[in-house]
Amino acid sequence: GGFEFLLGIVCPQYRFFCRNIKHGPRDKKAVALTFDDGPDPAVTPLLLDELKRLGVSAAFFCIGKNVTAHPAIAKRIIDEGHVVANHTYFHADTTNFLCHGRLRRELLKCQRAIHRVTRRQPRFFRSPMGLTNPGFEVALRRLGLIYIAWEFRGLDRRRPAAKIVGRIMKKVRPGTIIVLHDCDVVAENLLEAVGQLVPLLRAQGYSIERLDHLVGEQPYRTPE
């Protein structure tokens, strides 16, 4: 009915419109860090420095226009052992209202922007704000993309580091895909949150795995 349709639009984990991966295996204490909306020259390079210090590999769901605007940062993400994934080209509020043809063109534009800079063809995709509609299934299948969802978000836009970390540590389980942002956030809060989160997770016996290793899927189409 109408309620299920609405739920499918706003809650990708319910899979009404689109098959997805929302967590890794439950039988192993491992999680993955993912960051949406970059690259952002005010945040992403500092985050990459922090991830290198911590010895953590992450997945970056990049907006295509940001990759085009900041190619050196996108290339650095790859060069430092992280995964680059598709987060649409424009990250527009209207993405969820696109039919599958227009949606496919939007996703393909992002694929091409990423490939131009990194020589990689991503297989992982996440929509703006996690929204979906009936057109996603066809568009993703035609482009060979896998929807990566989540069970909860870090709510890291404007919150202090302690709040971000507290929320994640309260909800984390084996297989959790942690969602944070490396654009339109307070860089200091994000860096502090990541710097606290990683040792706390490790102290509780969690390993932080790269997303593709956690979910057992290749991150790029071959040949790269």
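Is D49 buried, partly exposed or exposed, and at what relative accessibility? In this predicted model, D49 counts as partly exposed because its relative accessibility is 40%.

**Close-up 1. The salt bridge between R76 and D49.** The side chains of R76 and D49 meet in a salt bridge, with N to O at 2.5 Å. This pair links distant parts of the chain, since R76 belongs to helix α4 (residues 71-79) and D49 to helix α2 (residues 44-54), 27 residues apart. R76, at 22% relative accessibility, counts as partly exposed, and a network of salt bridges links D49, K52, R76 and E80.

**Close-up 2. The salt bridge between E217 and R123.** The closest N and O atoms of E217 and R123 are 3.3 Å apart in this salt bridge. E217 lies in the segment after α9 (211-215) and R123 in the loop between α5 and β5 (124-125), so the pair ties together parts that are 94 residues apart in sequence. E217 has a relative accessibility of 27% and therefore counts as partly exposed.

**Close-up 3. The salt bridge between R158 and D184.** Here the side chains of R158 and D184 meet at 2.9 Å, N to O. R158 is found in the loop between β6 (146-148) and α7 (161-171), whereas D184 is found in the loop between β7 (177-181) and α8 (187-203), 26 residues apart. R158 counts as exposed at 55% relative accessibility, while D184, at 45%, counts as partly exposed.

**Close-up 4. A positive surface patch.** The patch is formed by R102, R104, R105, K109, R112, R116, R141 and R142, and its largest share, 6 residues, comes from α5. R102, in helix α5, counts as partly exposed at 48% relative accessibility.

Key. Residues numbered from 1 in each chain as written. Predicted model: local features only at pLDDT ≥ 70, side-chain atom pairs only at ≥ 80, totals over all residues. Heavy atoms only, no water. Patch = residues over 30% accessible without salt bridge, like charges linked within 9 Å, V, L, I, M, F, W, Y side chains within 5 Å. Areas by Shrake-Rupley, 256 points an atom, 1.4 Å probe, with all protein chains shown as cover. Salt bridge = Lys/Arg side-chain N within 4 Å of Asp/Glu carboxyl O. Lys, Arg positive; Asp, Glu negative; His and termini not counted. Charge placed at Lys NZ, Arg CZ, Asp CG, Glu CD. Helix = DSSP H or I, 4+ residues; strand = E, 2+ residues; numbered from the N terminus. Buried < 20%, exposed > 50% of the residue type's maximum accessible area, 1.4 Å probe, protein only.
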